[in-house]
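The following report describes a structure by its elements and their contacts. The sequence and coordinates are shown first.

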Amino acid sequence: MTIERIKSYITGLDELIQGGFPKQRTMLVSGSAGSGKTIFGMQYIYHGAKNGEPGVFITVDERPELIRQDMANFGWDVEEMEEEGMMAILDASATKVGFPSDEKYSLPQVGLDVDELILKAMKLVDKLNAKRLVLDSIPGIGMQAGEQEMRSVILRMNYMFAKEKVTAIMTSEIPEQGFGKGPTSFSKYGVEEYVADGVITLHYLGAGSGSNRSMFIRKMRGTAHVEDVLPMEITDEGIIVKQPEKGYNY
Ligand SMILES: Nc1ncnc2c1ncn2[C@@H]1O[C@H](COP(=O)(O)OP(=O)(O)OP(=O)(O)O)[C@@H](O)[C@H]1O
Ligand SMILES: [Mg+2]
């Protein structure tokens, strides 16, 4: 049986991974600060919603209202999709700092409780009949937790994704110093990359102008994919990936 695919809607990417992500699997999108992880996640959820596939976006680091504003720059009317019941943002950012949230979907003002987060996320997925989910970000959850605990959190999250039959993206960080001779670790806790069925890293050499963003598909289970570094751009329509260039490097 061939693996079913779900479109990433990252322009240029789907044709390089046999049509899209393997359905109902977990993808890790990892990169340093400003590398485009949140945009990647929103592009996946927003265009999914636009095309008839409901999605849930869990934000741990950034306030939902700021995400809506930022995404409007790409012409994405997030609120419209929310009103149509095609997408929902679950706000875990306020609770993390002990503030009440004005959001429709949020967590109690008691500090981030992972079990509560999982429960709320499951309810929301059921409510929307969501096929897509983004958890942005894993390290954001880890602020109050030790590494050991985070391993368990990541495993539980992944179990929830599978149980809910969503195709999920979780975001994580790669330490910049990992790039000396190519990255050695692809995620903050080192466990995300093993739990995930696919690992995509985003790279940004944030000095000067020119083509300084790239994407790399580290693994994609069950998928024949390109193995080259892919030049990437963030344009006014979101993330665009180009065909691999010979000799292009990080
Ligand atoms: N309209 C735009 N056109 C071009 N580039 C943009 C645009 N909007 C944002 N960017 C770029 O995208 C970056 C932000 O991307 P994003 O928030 O997805 O990064 P991130 O990896 O989630 O960062 P963090 O780790 O801080 O959460 C900005 O720093 C900027 O370089
Ligand atoms: Mg982000």
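## Helix α5

Helix α5 (residues 114-128) comprises 15 residues and reaches 21 Å from its first C-alpha to its last, close to the 21 Å expected at 1.5 Å a residue; the expected span is 1.5 Å times one less than the number of residues. Helices (H or I, at least four residues) and strands (E, at least two) are DSSP runs, numbered from the N terminus. This is a predicted model, in which local features need pLDDT of at least 70, side-chain atom pairs count only at pLDDT 80 or more, and totals for chains, interfaces and linings use all residues. Residues are numbered from 1 along each chain as its sequence is written, while chains are lettered from A and ligands numbered from 1 in the order in which they are written.

The buried residues of α5 are Leu117, Lys120, Ala121, Leu124 and Val125. Seen down the axis of α5, these buried residues fall within an arc of 135°, so they line one face of the helix; the arc is that of the directions from the helix axis to the C-beta atoms. A residue is buried if 20 or more other C-beta atoms lie within 10 Å of its own, exposed if 12 or fewer, and partly exposed in between, with C-beta atoms placed from the backbone. The exposed residues Asp115 and Asp126 are carried on the face of α5 turned away from its buried side. The buried residues of α5 pack against β4 (55-59), β5 (87-91), β6 (132-136) and α7 (147-163), contact being defined as C-beta atoms, placed from the backbone, within 7 Å. Just after the helix, Asn129 adopts a positive phi of about 55°.

## Strand β3

In strand β3 (residues 26-31), 6 of 6 residues are buried. Thr26, Leu28 and Ser30 point one way from β3, and Met27, Val29 and Gly31 the other way. In a regular strand the side chains alternate between the two faces of the sheet.

β3 pairs in the parallel sense with β7 (residues 167-172) over 5 bridges, where pairing requires at least two DSSP bridges between the strands. Thr171 in β7 is the bridge partner of Val29. β3 also runs parallel to β8 (residues 198-204), joined by 5 bridges, and Ser30 stands opposite Thr201 in β8.

## Val166

Val166 lies in the loop between α7 and β7. Val166 counts as buried because it has 25 C-beta neighbours inside 10 Å. Not counting residues up to four places away in sequence, Val166 touches Gln24, Val125, Ala130, Lys131, Arg132, Leu133 and Phe161.

Notes. Contact = placed C-beta atoms within 7 Å.
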